[in-house]
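Here is a friendly briefing to read with the model open beside you.

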Amino acid sequence: MPDERSPADIIAESAGPKAAVATDRSPSAEPDELSPRLANARDMIVTEHVDKWFGDFQALDDVTLNIKEEEIVVILGPSGSGKSTYIRCLNRLEEHDAGRIVIDGIELNEDVRAMQAIRSEVGMVFQQFNLFPHLSVLSNITLGPQKVRHVPKLEAEALAMQLLERVGIPEQADKFPAQLSGGQQQRVAIARALAMQPKIMLFDEPTSALDPEMIKEVLDVMQELAESGMTMIVVTHEMGFAREVADRLVFFDEGALVEQGTPEHFFTNPREERTKLFLSQIL
Amino acid sequence: MSELPPIPRPEQQPLPPAGGPRRIVLPPHRERARRPRSVRAREWVRRNLFPSWRGTLLTALAAGVLGLIAAGVIAFVFFGANWEVITHNRWLLFAGGFPREEAWRLWVSIAVVFGLIGLAYGTWSSLGRRDHLFVLLVGGFVIFLMAHGGAEIWSSVYFLIAVGCMYLGYLLTYQLPRATSSLRTLQVRVVGGLLILALPIVLLLLLVGGDVGIRSLDGFVLNLVLAPVGIVGGILIGIPLAVGRASSLKSISWTCTAYIEIVRGAPLLGWLFVALFILDDIIGGDLIIRAMVVMAVFTGAYMAEYIRGALQALPRGQYEAGQAVGLNQWQRTRLIIMPQALRISIPPMVGQAISIWKDTTLVTVILPLRELKGNADSAISQFEFTPDRIEAYVFVAVIFWIVAFMMSRISQRVERAQGVGER
Ligand SMILES: Nc1ncnc2c1ncn2[C@@H]1O[C@H](COP(=O)(O)OP(=O)(O)O)[C@@H](O)[C@H]1O
Ligand SMILES: [Mg+2]
């Protein structure tokens, strides 16, 4: 999409060097705690000193967090701590009020075209699935590629079938979302996001609205995706997933990033009292 | 990380058979439903009509009142009334001043519309026993009316052909598979497109060429044209108004709000006065055109409010999912929001359509236009029919009821047909 990429590239050029500088003096990344496989990876997401206000309520308070390419970050935190607000800022479903957010070299700001470019690079999966109820499963998946990337219909459908194959429900292609179980719907939602061939996937509590017996089928798809090298940010309370799949855990409380580290660090000797309290409640 | 316990992997679950019909095994207690019909009927009567002595009393009372009314109606319809006022004036009531030699345009239009109704029913719904009964009753009524006395015998044949077109359209589409497939998509597109084109086609048929023009619309035909123009025009005006009222740009949203509130603030009667006097100076044009404009403008304000209600009822997640996929605002509105909002607002919009259908009679009151009720007035102003005004107005009422009833039935079907993909 040359017409869509070109403004983004321009911004990338202006943001790129600054982003690199920013990473070097990033205060909260503790390199010794990062997985060795990511040692030489570049920064995919840079967020610096991000604030977000809803009226006079501060939902994000000076959040600084850099995420490497192919890194799997799991965000933990009590309800209302700003986890959703943070990842919604990353594809500009919310606009941050202060600080800087740079996604794959493109800075998020007022520029609508930069925003469009980001949105087609960042896939998002919601707690409530948010499938389009008036479209078949197949059309849910092909809509984005056809309308945003201008992929021809047949090609988009072939891609959609591949993705349905990947999430394990190719036989549901012609059904409507309401005819599927929650777990199947969420897998369709993942396929829909993947159809845009994103570089980053955001998951906002993808299993919280599911019946217990369906949680695993969704987590498995996510784990497969993680192993395929996708950059992922996952808000979840599934500690098994966090332990097994995450490269890094991040703990939010009251809008602030309180603590981060490897799963090992979190489950053996968390540093902050608030983290300990939260983990004791959830484990 | 290595000493952490691994997450157990799930076994691959066998896929359910693709598509094929699954056998339904009834649980044993369903056997009870298979008792003899007569037993079930007796049970139903007892439970619904005579559940207790008080219920029995009320049933008897209701039966008495209904019986009296029915006796009165039968006595009037078959013995008391003089239906000659209708049979003698049937062309006046139906098409008034529409040139007789151009009558084929009317019949072709009716056949086209009936054919489309058949196509639509075959595509999205099905005709049940009650529908056939309704067609039989109404069709019989119309044909009897036309054929009575022999003067309009051909009209009844044409009407029969139109009904035939409906069943033909139904049979054409009903056989086709319903499951989602590219063929089904094509069918839905074609029939949907024809439905959208129906009004322009009919207007073209009725108004263009030969010896006809906008002034030829008269009698029942005028009602039949005014209402759809008002409804379709109203929806076309209502959609942008609803979107505009929800706009974050204040100048747009205030303009749309002002339009909606001002138009809804006065009755249609008042706006027809505007059409008669004020619009005459501004846009001029034929009175019928001005009436059409007023009807569309008026209906548009109501349609806008129903659509806006539906827009607000849509969960935020639908907007956000559209954004997250990368659709721009126009695409989100057109592909995700509007299709859902229009579906949600079908029931109130049909209510509005029925109301505007009945309000087409107002053009007689305010504008000196001759629609069905106006022509009934002229029929009874003839010397020999002055005593028969009750007959004339009962007839008009029945005709209006038949069309309104059809509209409400069709909308019920539309709602049911879209059940899949809802929620
Ligand atoms: N659109 C909004 N308007 C006002 N307050 C909001 C809005 N969205 C979120 N908040 C508030 O911001 C805080 C953080 O919310 P959220 O990010 O959803 O928390 P979490 O996802 O961690 O549960 C909550 O107190 C919530 O009430
Ligand atoms: Mg949340």
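Let's begin with B:Phe405, which counts as partly exposed at 29% relative accessibility; here buried means under 20% relative accessible area, exposed over 50% and partly exposed in between, with a 1.4 Å probe and protein chains only. This is a predicted model, in which local features need pLDDT of at least 70, side-chain atom pairs count only at pLDDT 80 or more, and totals for chains, interfaces and linings use all residues. Residues are numbered from 1 along each chain as its sequence is written, chains are lettered from A and ligands numbered from 1 in the order in which they are written, and side-chain values use heavy atoms, leaving out hydrogens and water.

**Aromatic pairs in chain B**

- Over all chains, a search of the whole structure finds 15 aromatic pairs; rings of Phe, Tyr and Trp (its six-membered ring) pair if their centres lie within 6.5 Å, with planes under 30 degrees apart counted as stacked, over 60 as edge-to-face and the rest as tilted.
- One of them joins B:Phe134 and B:Phe405 in a tilted arrangement, 5.3 Å centre to centre with 45° between the planes.
- B:Phe134 belongs to helix 6 (residues 129-147) of chain B and B:Phe405 to helix 19 (residues 389-417) of chain B, so this pair ties together parts that are 271 residues apart in sequence. Helices are DSSP runs of H or I with at least four residues, strands are runs of E with at least two, and both are numbered from the N terminus.
- B:Phe298 and B:Tyr302 also make a tilted pair, because their ring centres are 5.2 Å apart and their planes are at 50°.
- Both B:Phe298 and B:Tyr302 sit in helix 13 (residues 287-313) of chain B, four residues apart, or about one turn of the helix.
- B:Phe298 is buried, at a relative accessible area of 6%.

**Cluster and charges over rings**

- One aromatic cluster is formed by B:Trp91, B:Phe94, B:Trp107, B:Trp154 and B:Tyr158.
- The charged end of B:Arg100 sits over the ring of B:Trp91, 4.0 Å from its centre; the criterion is NZ of Lys or CZ of Arg within 6 Å of the ring centre and within 35 degrees of the ring normal.
- B:Arg264 lies over the face of B:Tyr302, 5.7 Å from the ring centre.

**Ligand 1 in chain A**

- An oxygen atom of ligand 1 is 2.7 Å from a polar backbone atom of A:Gly80, and an oxygen atom of the ligand is 3.0 Å from a polar backbone atom of A:Gly82.
- A polar side-chain atom of A:Thr85 lies 2.5 Å from an oxygen atom of ligand 1.
- Helix 2 of chain A gives the largest share of the shell around ligand 1, three residues.

**Where chain A meets chain B**

- A:His134 lies in the loop between strand 6 (122-125) and helix 4 (137-148) of chain A, and is buried with a relative accessible area of 9%.
- A polar atom of the A:His134 side chain lies 2.8 Å from the backbone oxygen of B:Leu335.
- The A:His134 side chain also makes a polar contact with the side chain of B:Gln340 at 3.4 Å; a polar contact is a pair of N or O atoms within 3.5 Å, where within protein one must be able to donate a hydrogen and the other to accept it, and residues adjacent in sequence count only if both atoms are side-chain atoms.

**Chain B overall**

- Chain B has 19 helices and zero strands.
- Buried residues make up 40% of the 423 residues in chain B.
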